[in-house]
Amino acid sequence: MLRLLNLELQKLLLNRTSKILIFVSFILPFFVILLSSLKINVFGFFTLELGELGVFNFPIIWHLTTFFASQFKFFFAIVVVSMIGNEYSNKTIKQNLIDGLSKKEFILSKFYTIVFFSLVSTILIFLISLCIGLYYSSYNEISIIVRETEFLLAYFVKLIGFFSLCLFFGMLVKRSAFALAFLFILFILEWIIFGIMAWKLEENLASQIQNFFPLKSMYNLIDQPFQRVAMTKFPDKAELAYDYAVHGHEIIIVLCWTALFIFLSYSLLKKRDL
């Protein structure tokens with residue numbers, strides 16, 4: 001595993017564009033720190049400071065930071081599809097196979113890289129969230145601090161699932177730009193199918209089926225936290241209540257999609273004449 005990961009990291013670090021994108025991917029999550037220090041002047045009457053509103057208290061901070069950090073995943077998605085695009089355009093994929101790398105090892109090297117960068121990103125978010133929480137949070141009990149850290153697991157699984165989908169599209173079309181376009185096509189297609197189902201079936205049933213779609217299932221891992229923040233400020237508003245928790249079945253759905261995308265990527269490579 002380490003040999004395959006090291007091989008892939010060498011390729012990425014020798015590519016200037018990939019190095020820049022990887023750097024940006026790891027720097028962007030630090031903007032969450034800027035969010036914590038953001039001050040909003042409300043028409044000159046008073047200044048609203050997010051850090052003083054309690055939104056960075058434990059355990060809600062795990063939900064907040066993982067949700068915002070997951071919005072930056074598209075930058076590393078470019079790196080993932082570029083890994084495949086460059087292999088085909090530079091003919092390195094053929095050379096690797098000639099040098100003794102099997103097709104299975106080739107796909108595994110990409111997957112190990114995805115897992116590695118997802119893990120590094122998750123560790124960064126953990127450290128950032130912990131620092132912000134310790135600074136702003138009114139609670140410092142260990143039991144409260146570690147509560148809801150399952151959002152970190154959801155974030156990790158979400159990254160792996162999304163990047164595995166990018167890997168599959170990269171293998172399918174061999175071009176970075178086309179692979180990224182397929183992501184938007186899939187997003188639109190999922191909503192078109194949902195619209196048709198909602199028209200033909202009950203909307204509740206259509207929503208339940210939609211939760212099994214690739215992109216929707218990944219989104220469901222970390223629901224938006226804005227409604228939850230509002231709940232803390234207006235606890236008497238029962239209409240604000242919603243299920244924001246991380247569920248095991250949602251993680252399993254994304255892991256199944258991840259396994260399928262890796263398998264399909266390997267199947268494409270196995271059948272393709274290089």
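The legends below describe close-up views of a predicted model.

**View 1. Salt bridge between arginine 3 and glutamate 105.** Among the 3 salt bridges that the structure holds, this view shows the one formed by glutamate 105 with arginine 3, whose closest N and O atoms are 2.9 Å apart. Arginine 3 is exposed, with a relative accessible area of 52%, whereas glutamate 105 is partly exposed, with a relative accessible area of 23%.

**View 2. Salt bridge between glutamate 8 and lysine 110.** In this view the side chains of glutamate 8 and lysine 110 meet in a salt bridge, with an N to O distance of 2.7 Å. Glutamate 8 lies in helix 1 and lysine 110 in helix 7, and the pair thus links distant parts of the chain that are 102 residues apart. Both glutamate 8 and lysine 110 are buried.

**View 3. Salt bridge between glutamate 148 and arginine 228.** The side chains of glutamate 148 and arginine 228 meet here in a salt bridge, at 2.8 Å from N to O. Because glutamate 148 sits in the loop between helix 8 (142-145) and helix 9 (150-173), while arginine 228 is part of helix 13 (residues 226-233), the pair ties together parts that are 80 residues apart in sequence. Glutamate 148 has a relative accessible area of 13% and is buried, and arginine 228, at 7% relative accessibility, counts as buried.

**View 4. Crossing of helix 4 and helix 7.** Two packed helices are described by the angle between their axes and the distance between the axes. For helix 4 (residues 60-70) and helix 7, the axes come within 10 Å and cross at roughly 135°. Since angles over 145 degrees would count as roughly antiparallel and those from 65 to 115 as roughly perpendicular, helix 4 and helix 7 are therefore oblique to each other. The crossing of helix 4 and helix 7 is right-handed.

**View 5. Nonpolar patch on the surface.** Phe187, Ile188, Trp191, Ile192 and Ile196 form a nonpolar patch on the surface, and together these residues have about 500 Å² of accessible area.

Terms used: Residues numbered from 1 in each chain as written. Predicted model: local features only at pLDDT ≥ 70, side-chain atom pairs only at ≥ 80, totals over all residues. Heavy atoms only, no water. Patch = residues over 30% accessible without salt bridge, like charges linked within 9 Å, V, L, I, M, F, W, Y side chains within 5 Å. Areas by Shrake-Rupley, 256 points an atom, 1.4 Å probe, with all protein chains shown as cover. Salt bridge = Lys/Arg side-chain N within 4 Å of Asp/Glu carboxyl O. Buried < 20%, exposed > 50% of the residue type's maximum accessible area, 1.4 Å probe, protein only. Helix = DSSP H or I, 4+ residues; strand = E, 2+ residues; numbered from the N terminus. Axes fitted to C-alpha atoms, helices over the stretch in contact; angles between N-to-C directions. Parallel < 35°, antiparallel > 145°, perpendicular 65-115°, else oblique. Left-handed = near helix turned anticlockwise from the far one by under 90°.
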